[in-house]
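Student: I have a structure open and would like to learn how to read it. Could we go through it together, feature by feature?

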Amino acid sequence: VVDDDLISARVVAALLSALHCCVEVETSSLRAMKMLTSSVDHPFDFLVSDNVMPEVTGTQLIRGLRLVGYPAFIVGMSGSACSMSEMISAGADKFLFKPIRLAALTEALKAAGPRFEALKAAHSKVGQKP
């Protein structure tokens, strides 16, 4: 989760955790860009990014990641309708309006198809006997 507002980032992180995702939060879009582009084998399946941030906007972050071939499923988020077309044009797979709701986030991640299904399947096996 990339959002310069730590409280907003933690709310989204809590929602993702409720969906059994392992979550990292970054409040700097510049640090996020560096972390995501230097990560070996792109260990993140999903990226959720706010748009309105200092330094680098979410739109710029997404565009930069897509230019280097970053494969993660990206969900853009903002309270502004203008951000939706910007983020989708930059390469976001889905867009959500803030405040983010669990049902909306779940639906957005379902669009990731096999990645989201694998996450659910892995969780459903936890605690089951072989």
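Tutor: Gladly! Let us begin with a pair of facing residues: Met 77 stands opposite Leu 96 in E3. The model is a predicted one, where local features need pLDDT of at least 70 and side-chain atom pairs count only at pLDDT 80 or more, while totals for chains, interfaces and linings use all residues. Residues are numbered from 1 along each chain as its sequence is written, and side-chain values use heavy atoms, with hydrogens and water left out.

Student: How many bridges join E2 to E3, and in which direction do the strands run?

Tutor: Two strands pair if DSSP finds at least two bridges between them. Here four bridges join E2 to E3, and these strands run parallel. E1 and E2 also run parallel, with five bridges joining them. On that side, Val 48 stands opposite Val 75 in E2.

Student: What do E1, H3 and E2 make?

Tutor: They make a right-handed β-α-β unit. To judge the hand, point the strands away from you: the crossover is right-handed if the path from the first strand over the helix to the second runs clockwise. E2, H4 and E3 make a right-handed β-α-β unit as well.

Student: How many residues of E2 are buried?

Tutor: Buried means under 20% relative accessible area, exposed means over 50%, and partly exposed is in between, using a 1.4 Å probe and protein chains only. In E2, six of its six residues are buried, so by that definition the strand is mostly covered. Look at the directions too: Phe 73, Val 75 and Met 77 point one way, Ile 74, Gly 76 and Ser 78 the other way, and all are buried.

Student: Which residues of H3 are buried, and what covers them?

Tutor: The buried residues in H3 are Gly 58, Thr 59, Leu 61, Ile 62, Gly 64 and Leu 65. Their cover includes H2, E1, strand E2 (73–78) and helix H4 (81–90), where contact means heavy atoms within 4.5 Å. Just after H3, Gly 69 takes a positive phi of about 80°.

Student: Which residues does a cis peptide bond join?

Tutor: Lys 98 and Pro 99, with omega about 0°. You will find Pro 99 in the loop between strand E3 (94–97) and helix H5 (102–110).

Student: How do I read a pair of aromatic rings, and how many are there?

Tutor: A pair of aromatic rings is described by the distance of the centres and the angle of the planes. Rings of Phe, Tyr and Trp (its six-membered ring) pair if their centres lie within 6.5 Å; planes under 30 degrees apart count as stacked, over 60 as edge-to-face and the rest as tilted. A search of the whole structure finds two such pairs. The centres of the Phe 46 and Phe 73 rings are 6.4 Å apart with planes at 85°, so this pair is edge-to-face. Phe 46 is in strand E1 and Phe 73 in strand E2, so the pair ties together parts 27 residues apart in sequence. Phe 46 is buried at 16% relative accessibility, and Phe 73 is buried at 9%. Phe 95 and Phe 97 form an edge-to-face pair too, 5.0 Å centre to centre with 85° between the planes. Phe 95 is buried at 11%, whereas Phe 97 is partly exposed at 40%.

Student: How many disulfides does the structure hold, and why?

Tutor: A disulfide is a covalent bond between the sulfur atoms of two cysteines. The cut-off used is a pair of cysteine sulfur atoms within 2.5 Å. This structure holds zero disulfides. The sulfur of Cys 21 is 7.8 Å from the closest cysteine sulfur, in Cys 22, which is too far for a bond. Cys 21 is buried at 12% relative accessible area, while Cys 22 is exposed at 83%.

Notes:
Helix = DSSP H or I, 4+ residues; strand = E, 2+ residues; numbered from the N terminus.
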